Amino acid sequence: MYEKDGEKYFVVDSHMHYWDASPQNWVAGQENYAKGWIECFHAYQSLGPAETHWSIEHFQKYSEQDLMKDVFEDGHVDVAVFQPTYLKSWYTEGFNTTEKNGELAEKHPGKFIVNSRFEPRGGDAAMKEFEADVERWQPKGVKLYTAEWLDDSRGWTLKDPEAYRFLERAQELGIKNVHVHKGPTIWPLDKDAFDVSDVDHAATDFPELNFIVEHVGLPRIEDFCFMATQEPNVYAGLSVVIGGLMHARPNFFAKVMGELLFWVGEDKMTFGSDYGIWEPKWQVEGFVDWDYPESDAFSDYPRVNVATKKKILGLNAAKLYGIEVPAEFQLPDSAGTPAAQDDAKLVEESIGAPA
Amino acid sequence: MTDTAAVLAALDAVRDPELDEPVTSLGFVASCTVSADGVADVHLRLPTYFCAPNFAFLMVADAYEAVSGVPGVLRTEIVLDDHFASDAINGGVAARSGFVAAFGELADSELDQLRIDFIRKAVLAGTDRVCRPMLAAGRTGAELAELTLGDAPPSADRDRLRARRAELGLPCDDTSPLLVDAVTGEGVGAAALPLHLQKARVTRVGVEANTGICRGMLRDRYPSLGLGQDS
């Protein structure tokens, strides 16, 4: 938890990792990709404050002690959600897998939520593996990475029939939350991993599931915004938005946040640190202190207040995952309608829309 | 004799297709030489090892076209360095074989549609750049729906918007509507105007935020300035 100016924030880090990208884990013959991937991530870390940068060696593989300290002791996080990313084409034991995450979670009861994943191109074998995973870990959420390479395939979409088969099964097995990576990408070639139209389809056809679009389709935030504004079960996962922009590009951060608050609203945005890319501490503290710069450039956007931040930093994700939040962190019932709706009407009026 | 300056000037006209900015000012030109016998040799660099190969291919191919057209250049070599698909891109561009041939079964189609999609986004972003100052100066949305491109104050932003619309074959002379649908070219009426302007605004934010991230990551990867890079 984090306390500032008499306000108490319950913090759910809804997108973080425990990876091993050390050379010992690189698949022979794929070293260029394994190395290039982790160095690309390391470059993203350079967008955070200088004093939070790690050496490449530390970045490749950090310890359990590092993680517990960075996330829970220093990072103000109450509950952290592990989002697995397998990448077994390049990392022998996987980049960060449900199993490895799960082992750590079992050592620290109550601290972690362990999400699973599925691979729709893997057919019946992959379905069996998914079902076994669900039985072992009882996840409420899955992380999907539609641009992951598998043999000759360079990606899949949530619209594919195979994907629907897995989404249906996931729903039957009690999965509620589907986190889809849609953001800064490694490839594809001409297939478009940023493309969020597949989420549009799936969200409409699976109204009982929540789709959290991680990284909000950055850099194509406009596509995400148009889509999300029309789908009640689509959320904006803010991992990379805060880590990549809040420190390095504060003006753009303010505009991106303004757009998300405008199109999606403060009730459907969730904080994620994307640890180990960035540590949660500076992100949580910085976001609590944040407001738009003083300028007309931001007057189109919904206002931000303490309730906004409490929702984004933890209360929204707590609802998604059924996490019990102690009363002192909750909002009073009189919080009212989300700022986004009221302010959106103001915008229409101010630019002379017909009544 | 053709000098480096002429080749750099040609490269100034080559844009990153998504960021809609010259590759020179973005810092993507690592080196540029022209030999006495007219061989132009240009090395390009990008913010990450993993920048999407489709964008990279477009840029390298566009650079090839631009430099080949400089008087006195008899042979052109454009090399993209430090990228996971460098070999395929460099080879494909040099052979003028197109994206599909360069990447074989990994590519579904040529990149024309991608380019069109990005120019449409540039039209939307440019619309916000032109309209925002007009609204700030007191024009209402209803007024904007009736205005033409010629009614907007002359500016570099208006020139740029006009140029992008021209590239798509959208109406772009002074009598054309100020606001047009980027796909159909039809004028945007008063009813559709608020949403159109909101879309223009968020598109601009996306493009500019992306540019900001790319510039930051490039500086971290290559501390020395590229030729023509904004410092």
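This is a predicted model: local features need pLDDT of at least 70, side-chain atom pairs count only at pLDDT 80 or more; totals for chains, interfaces and linings use all residues.
Good morning. I begin inside chain B, where seven residues of domain 1 of chain B are in contact with seven residues of domain 2 of chain B. On the domain 1 side of that contact, three residues are nonpolar, one is polar and three are charged. The bounds of the two domains are 4-108 for domain 1 and 113-211 for domain 2. Between their C-alpha centres the distance is 29 Å.

For chain B the mean pLDDT is 91, with 96% of the residues at 70 or more.

I turn now to the contact between the chains. Chain B contributes 39 residues and chain A contributes 37 residues. Which elements of chain B give two or more residues to the side that touches chain A? They are helix 3 (53-68), helix 5 (98-103), helix 6 (112-136), helix 7 (141-144) and helix 9 (193-221) of chain B. Of these, helix 9 of chain B gives the most, with 17 residues. Sorted by class, the side of chain B that touches chain A holds 23 nonpolar, ten polar and six charged residues.

Across its 25 residues, helix 6 of chain B spans 37 Å from first C-alpha to last, close to the 36 Å expected at 1.5 Å a residue. After helix 6 of chain B comes B:Gly138, with a positive phi near 115°.

Next, the sheet of chain B. Three strands form an open sheet in the order 3-4-5, and the pairing is mixed. At its edges are strand 3 (29-34) and strand 5 (75-80) of chain B, each of which pairs on one side only. From one strand to the next, the twist averages 10°. Strand 3 of chain B runs antiparallel to strand 4 (residues 39-44) of chain B, and five bridges join the two. Opposite B:Thr33 stands B:Asp41, in strand 4 of chain B.

Two helices pack on this sheet. Helix 1 (residues 4-12) of chain B touches strand 3 and strand 4 of chain B, and its direction makes about 135° with that of strand 3 of chain B. Helix 3 of chain B touches strand 4 and strand 5 of chain B, and its direction makes about 160° with that of strand 5 of chain B.

Finally, chain A. Here too there is an open sheet of three strands, in the order 3-4-5, with parallel pairing. Why is one side of strand 3 (12-16) and of strand 5 (112-114) of chain A left without a neighbour in the sheet? These two strands stand at the edges and each has a single partner strand, so one side of each has no neighbour in the sheet. Direction ignored, neighbouring strands of this sheet are turned by 20° against each other on average. Three bridges pair strand 3 of chain A with strand 4 (residues 79-82) of chain A in the parallel sense. A:Val12 has A:Val79, in strand 4 of chain A, as its bridge partner.

Thank you for your attention.

Key
Residues are numbered from 1 along each chain as its sequence is written. Chains are lettered from A and ligands numbered from 1 in the order in which they are written. Domain bounds come from an automatic or database domain assignment. Ala, Val, Leu, Ile, Met, Phe, Trp, Tyr, Cys and Pro count as nonpolar, Asp, Glu, Lys and Arg as charged, and the others, Gly among them, as polar. Helices (H or I, at least four residues) and strands (E, at least two) are DSSP runs, numbered from the N terminus. Two strands pair if DSSP finds at least two bridges between them. Axes are lines fitted to C-alpha atoms, for helices over the stretch in contact, and angles run from 0 to 180 degrees between N-to-C directions. The expected span of a helix is 1.5 Å times one less than its number of residues. pLDDT is the predictor's confidence in each residue, from 0 to 100.
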